[in-house]
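Here is a short briefing on a protein model. Please have the sequence and coordinates open as you read.

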Amino acid sequence: MITTSSLPLSDRLLGLALRLCGLLAALVLGGIVVVLLVRALPFLINEGAGIWQSTWQPGQGEYGMAPMIAGSLFVSVLALVLAAPVAVLLAAWLRYFAPRLRRPVLAGVELMAGIPSVVYGLWGMLVLVPWINQWVPPGASWLAGSLVLALMIVPLALLVTDAALGQLPLRYQRAGEALALSRVGMLRRVLLPRAAPGIVGGVVLQFGRALGETMAVLMVCGNVVQWPDSVFAPVRTLTANIALEMAYATGDHRVALFASGLLLIAVTGLLLMASWRLRGVSHG
Amino acid sequence: MADRMAWLTGWVLLALVMVPVALMVMALWQQSADVLSMGFLLEDPGRAGRSGGIAALLISTGWILALCLLVAVPVGLGCALYLSESLPADSRRAQWLGGVLDMLAAVPSIVYGLFGYQFFAITLGLGFSILSGALALSLMVLPLMIRSAEQAMRAVPMGYRQARDALALSRWGWVRRILLPCAAPGIAVGIILSAGRALAETAVLLFTAGYVLRRPDSLFDSGRTLSVHIYDLAMNVPGGMPRAAATAVVLVALLVVLNLLVRRVLRQPMTEALV
């Protein structure tokens, strides 16, 4: 600290430049929130209560988003219900029952995590939707969206679970072996409960990702604004609505879309904080 | 007995994940078999994408990717240096900045699209252009870039830092001559991962870079990326499916190459940066 003033100029410039970069990252987040707020706030003050209504008729000035909020939640919840058990159990199985498979499967799963969501959506349109259509038309539905999302969530949920299990101290396993516990009993009674906060924290984060996912859901859900009466009914999510209508929306209609973006940020932010809590991460 | 059940369950679960992926590869391959050829890469698209290839899109994609990295890499490196060199890992400010980065990583991509549209296209007057798209995209990949570079820098051994202090090296000299070369493989991985994320992204670009199919004349022209092309052909162009699938095959092939590159650089799975 005493020598600060005698640092060479290049060092002082470097320090300044780095500080600016750090500031910029914070500014981006602030900027996103501010821009959305500035666009959406007047609308929210005037019509804020209206967005919780059920009728979405932008032409008539009715901006009820409730069915789409429900659509987003339904599609994501079902996806999570399908994906989380598969991912958690598979990760545990790979680590404790089939360690030789673990490396190759994780490598494959990392590859899956990198596949673009449009490609998952395309697969949904090519294979899944026609298949569900044979069963119960029309095919493009809540179920199709959840299945595609589930396939997208599994890789990351699996990697998170694997990391959480990897952080458990090895002595648990050793103690279990010394006591001749069965591996299943060990996993169920000791290892999974121990790693549960990390696993649940990671899964909550995946829920946020599912809510924010746009392209895959847009391509397979059918995009009808309605309360779905079964898993085979088409739904429209908030994100799909933004992607579909932003191109031609004007005036209040466009502002309503910004308001739904704000809602998405708020919800994913809350989920992130819940995830921090669960994983015991502190952020000042 | 229970352990044998566990074996069975494990294989069933593995099949549950792997069979759909195999089906996906097969479906894409079948749809695109008639279209995919060298000419597909070299021709410009015609009739809204129903005929021809994807040459113009490869050009737009290349420009957007290059510009995105041109912004994200220097800023990302700067921020990572700030986190790893100027702040102790447990300091209040480092944790706060880490929280901001986690938040940025959690913001849905469609929201980056909304922000990019409002800020770059409208407020800054860049319109639907390659520039707006690349800038919005660079913001989206920034957290990934920063986190992986920071990890690489923090992994530089403590002894080097002690030697630096003992020798009273200048900060700038330390960063340029020792830290960056030592962390280079990890930084390269960060850049490749960011490029992969950028290539995969669609929602950010829908209303920033736009849909225009022809070759861009300048950076202020609208340009369509491969991922946007897949979406548009599949959803809005009747008869576009074979070429959507062929474009998807090209895009996935590119991403697989990037993934192999990461493995090459790291020689171990890069689990944490992805999560």
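The points below cover conventions, the fold and surface of one chain, and one serine in another.

This is a predicted model, where local features need pLDDT of at least 70, side-chain atom pairs count only at pLDDT 80 or more, and totals for chains, interfaces and linings use all residues. Residues are numbered from 1 along each chain as written, chains are lettered from A and ligands numbered from 1 in written order, and side-chain values use heavy atoms, without hydrogens and water.

**Fold of chain A**
- Chain A holds ten helices and two strands (DSSP runs: H or I of at least four residues, E of at least two, numbered from the N terminus).
- Their order from the N terminus is α-β-β-α-α-α-α-α-α-α-α-α.
- Along the principal axes, the C-alpha atoms fill a box of roughly 75 × 70 × 30 Å.
- Of the contacts (heavy atoms within 4.5 Å) with a separation of 6 or more, 72% join residues 24 or more positions apart.

**Burial and surface of chain A**
- Of its 284 residues, 54% are buried (under 20% relative accessible area, 1.4 Å probe, protein chains only).
- The accessible surface is about 12500 Å² (Shrake-Rupley, 1.4 Å probe).
- Carbon and sulfur atoms hold 65% of that surface.

**S194(B)**
- S194(B) sits in helix α8 of chain B, residues 171-200.
- S194(B) is buried, at 0% relative accessible area.
- A polar atom of the S194(B) side chain lies 2.7 Å from the backbone oxygen of G190(B).
- Leaving out residues up to four places away in sequence, S194(B) touches L69(B), V141(B), L144(B) and M145(B).

Key. Buried means under 20% relative accessible area, exposed over 50%, partly exposed in between (1.4 Å probe, protein chains only). A polar contact is a pair of N or O atoms within 3.5 Å; within protein, one must be able to donate a hydrogen and the other to accept it, and residues adjacent in sequence count only if both atoms are side-chain atoms.
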